[in-house]
Structures are given as C-alpha cells and as structure tokens.
Amino acid sequence: MISPILSEEDISLDLVTKGKQSALSKIAIRIARRNGLDEQMVIRGLFDRECLGSTGIGRGVAIPHALLGMISSPAASLTRLAQPIDFDGPDDDLVDLIYTILWPASATSALLPARSQICRLLRASQVRARLRQARTSDEALAILEAKPVPAISTNLHTCCFEPGVLVSRHLSNA
C-alpha cells in the first residue's frame, strides 16, 4: 500500500515540461505547495541530489528524492509526463513516469527501504503500462495500491526486512 505517503492529490497526469530541470521544478513546486514547504528549498534539494547522479532507474522511470531537514514526515508525488524527457538514465530510455520522494534528514536510514519498494513496484512492466494508460489520479493510485508489495513504512525509525514484509522497529525496541 502506497497511500501512507501518496494520495490521489499527489498524482499529476500528463504534465507538460520542457526537459529535466523544468520537470523537477514543476514537481518540486507542486509537492512543496501541497505540503506547506518552502518551494526553493525543495527545488534545491532535488537539484542537489540530481547533481550527484541521475535518479533515472530505467524503463522510462525516475525516482528523484531529497533529504530535507525541514520536514518531519515523508512526502511524495507521482507524475506522468505528457511527453517523455531525457533523464540521463542507465538505459537511455526517455522518462515519462516520475515518483518523487522528500524524506526527513533525521530519518536517513528509512529512505533506502522505501526507495527499494518503490523501485520494485515501478520495475513491474504491467504496473508501468497501466500507469501510462491511467485516465485519472484515482485510477493511478488504485494501480499502485493493487500491486502486492509491502507497505511503505512511514515509521522514521530503523527499518528491517522480514520474509517479504517491511517492518518498522523503534530504536528502543531493536
């Protein structure tokens, strides 16, 4: 279930952009406004991370993300672009599906398991195909939630994997 950090209002279908910087800027502004965050800080966070290396994962998908000190809980968005763009991904495929994650800097260790779950979900060819055909944000969210994957933990303490399930443990209980 994706819904702990992604809701229907966080999904944008057929966003028109002029390229990677334009896409990241528009997505950053939208996610900042939805979550009451400083737009420039979110843009800077996404751009700074992208400068370290492309967040394109291949097959037309990118997962830009930023660790931000100003937030206490994760925020996300899913964007389907009207026209695919170059994202400097590993397979040189143009990107049209962008799942953006903003994560609290105070909970860095929990970001990797969350990103891994999203990667696994979006690597499924049938999920990507259905997202590319979705007509509404509600339909896109239903597609994401229908895939049998572990829930994305919003617990910002230590996360660990148990047989196929992501389980969050408080540091005091570990």
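This is a predicted model: local features need pLDDT of at least 70, side-chain atom pairs count only at pLDDT 80 or more; totals for chains, interfaces and linings use all residues.
Is Thr79 buried or exposed? The tour returns to this question once the whole chain has been viewed.

**The whole chain**

The protein chain contains five helices and eight strands. Read from the N terminus, these elements follow the order β-α-α-β-β-β-β-β-α-α-α-β-β. Of the 174 residues in the chain, 48% are buried. Display the accessible surface next: the area comes to about 8500 Å², and carbon and sulfur atoms account for 51% of that area. Among contacts with a separation of 6 or more, 65% join residues 24 or more positions apart.

**First selection: Thr79**

Select Thr79, which belongs to strand 5, residues 75-85. Thr79 counts as buried because its relative accessibility is 3%, and the cut-off for buried is under 20%. Now show the contacts of Thr79, leaving aside neighbours within four places in sequence: they are Ser12, Leu15, Ile27, Asp96, Leu97 and Ile98.

Proceed to Asp92, in the loop between strand 5 and strand 6, the latter covering residues 95-104. With a relative accessibility of 65%, Asp92 counts as exposed, since the cut-off for exposed is over 50%. Most residues other than glycine have a negative phi.

Which loop holds Arg59? Arg59 is located between strand 2, residues 56-58, and strand 3, residues 61-62. The phi of Arg59 is likewise positive, near 60°, in a residue other than glycine. With a relative accessible area of 42%, Arg59 is partly exposed.

From Arg59, move to Arg128, which touches Arg59. Arg128 is placed in helix 4, residues 125-133. Is this residue, Arg128, buried or exposed? Arg128 is buried, because its relative accessible area is 9%, where buried means under 20%. Apart from Arg59, and not counting residues up to four places away in sequence, Arg128 touches Val61, Leu97, Leu122 and Arg123.

Then place a distance label between the C-alpha atoms of Arg128 and Asp96: they are separated by 9.9 Å, and the two residues lie 32 residues apart along the chain.

Terms used
Residues are numbered from 1 along each chain as its sequence is written. Side-chain values use heavy atoms; hydrogens and water are left out. Helices (H or I, at least four residues) and strands (E, at least two) are DSSP runs, numbered from the N terminus. Buried means under 20% relative accessible area, exposed over 50%, partly exposed in between (1.4 Å probe, protein chains only). Contact means heavy atoms within 4.5 Å. Accessible areas come from the Shrake-Rupley method with a 1.4 Å probe; for residues, only the protein chains shown count as cover.
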